[in-house]
Amino acid sequence: MLQGSSTIQFKIVLLGESAVGKSSLVWRFCQDQFSETIESTVGATFIHRVMDLGEYSIKLQIWDTAGQERYHSLTPMYYRGAKGVIITYDVTNNDSYEKAKDWVNEIRTQGTPNAKIVLVANKIDLEDHQVDQMEAMKYAESNDLLFFECSAKTGEGVKDVFFGLSKALPVKWGEMSNRKGMEFSDSEDEFSVNVKNSKKVNKKKESGGCC
Ligand SMILES: Nc1nc2c(ncn2[C@@H]2O[C@H](COP(=O)(O)OP(=O)(O)OP(=O)(O)O)[C@@H](O)[C@H]2O)c(=O)[nH]1
Ligand SMILES: [Mg+2]
């Protein structure tokens, strides 16, 4: 167990087909906002969040990747070293579920060994679900994945995704956030999204814990 105010850091990454709602999940979780007109991510963005887990806090370095196929070759750069991986699909889009399974295979074979993977069924606020809930739950169970359903639009279940993953990350896998030579520093803390027909929304980290 960590003593006092010690904080350890974990890199986590969001993967999934374009438009499943990865950026929306991060935006909902970190800023409690949502936009129907959020623009598709280019490359990747990241943000740091401190998670108060009761006995100890951890610092998440959250990487939100671009789901468009043309960025696929860049993605290993972002999931390299990630101890936690959030793989999202859109419950109204079966192709996105199949793509999520491809991501699971890729992380299992090329990602951090034993990385904790969360399978996230997003957009549960919508009707006409194409992906069978039970089938996805069974798939998650048989592949040792955490499974959550949520809606970035309403916020339902979103905190559970990030807290569920955070609690599943063994403390010993983390790195002290003040350790020399960390890959990223607080000064790089930034998560920006573009919303069509409005000014760029650029959110800097607020002090203290998240949510
Ligand atoms: N109804 C509904 N719409 C959502 C939800 N989450 C995201 N969206 C919408 O889905 C679209 C795509 O959301 P993004 O967050 O940009 O998706 P993304 O996975 O980050 O996409 P890329 O950056 O291209 O990989 C946007 O129009 C969002 O408003 C949700 O939970 N419910
Ligand atoms: Mg995005």
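User: Where does Lys123 sit in this model?
Analyst: Lys123 is in the loop between strand S5 (116-122) and helix H4 (133-142). The model is a predicted one.

User: What makes Lys123 count as buried?
Analyst: Lys123 has 23 C-beta neighbours inside 10 Å. The cut-off for buried is 20 or more. Lys123 therefore counts as buried.

User: How do you know whether Asp32 is buried or exposed?
Analyst: Count the neighbours. Asp32 has 11 other C-beta atoms within 10 Å. Exposed requires 12 or fewer. Asp32 is therefore exposed.

User: Why is H1 called largely enclosed by the rest of the structure?
Analyst: Nine of the 10 residues of H1 are buried, so the helix is largely enclosed. Those buried are Lys22, Ser23, Ser24, Leu25, Val26, Trp27, Arg28, Phe29 and Cys30.

User: How do the axes of H1 and H5 lie to one another, and what is that arrangement called?
Analyst: The axes of H1 (residues 22-31) and H5 (residues 158-168) come within 9 Å and cross at roughly 85°. Angles of 65 to 115 degrees count as roughly perpendicular. H1 is therefore roughly perpendicular to H5.

User: Which residues make the contact of H1 with H5, and how do they divide by class?
Analyst: From H1 come Leu25, Arg28 and Phe29. They meet Val158, Lys159, Val161 and Phe162 in H5. By class, the contact has five nonpolar, no polar and two charged residues.

User: Which residues touch the most other members of the largest nonpolar core?
Analyst: Ile87, Val118 and Val161, in a core of 47 residues. Leaving out residues up to four places away in sequence, Val161 touches Leu25, Ile86, Val118, Val120, Phe148 and Cys150. In soluble globular proteins, nonpolar side chains tend to be buried together.

User: What makes Tyr89 buried, and which residues does it touch?
Analyst: Tyr89 is in strand S4 (residues 84-90). It has 27 C-beta neighbours inside 10 Å. Buried needs 20 or more, so Tyr89 counts as buried. Not counting residues up to four places away in sequence, Tyr89 touches Gly16, Val20, Ser96, Tyr97, Ala100, Ala121 and Val131.

User: Which residues come nearest to ligand 1, and which helix gives the most to its shell?
Analyst: Gly21, Ser24, Ser40, Thr41 and Gly67 come nearest, of 23 residues around the ligand. Helix H1 gives the most, with three residues. The shell divides into six nonpolar, 12 polar and five charged.

User: How many helices and strands does the protein chain have, and in what pattern?
Analyst: Five helices and nine strands. The pattern along the sequence is β-α-β-β-α-β-α-β-α-β-α-β-β-β. Of the 211 residues, 39% count as buried. Among contacts with a separation of 6 or more, 73% join residues 24 or more positions apart.

Methods:
Residues are numbered from 1 along each chain as its sequence is written. Chains are lettered from A and ligands numbered from 1 in the order in which they are written. This is a predicted model: local features need pLDDT of at least 70, side-chain atom pairs count only at pLDDT 80 or more; totals for chains, interfaces and linings use all residues. A residue is near a molecule or strand if its C-beta atom, placed from the backbone, lies within 6 Å of it. Helices (H or I, at least four residues) and strands (E, at least two) are DSSP runs, numbered from the N terminus. Ala, Val, Leu, Ile, Met, Phe, Trp, Tyr, Cys and Pro count as nonpolar, Asp, Glu, Lys and Arg as charged, and the others, Gly among them, as polar. Axes are lines fitted to C-alpha atoms, for helices over the stretch in contact, and angles run from 0 to 180 degrees between N-to-C directions. Angles under 35 degrees count as roughly parallel, over 145 as roughly antiparallel, 65 to 115 as roughly perpendicular and the rest as oblique. Two residues are in contact if their C-beta atoms, placed from the backbone, lie within 7 Å. A nonpolar core is a set of buried Ala, Val, Leu, Ile, Met, Phe, Trp, Tyr and Cys residues joined through C-beta atoms within 7 Å.
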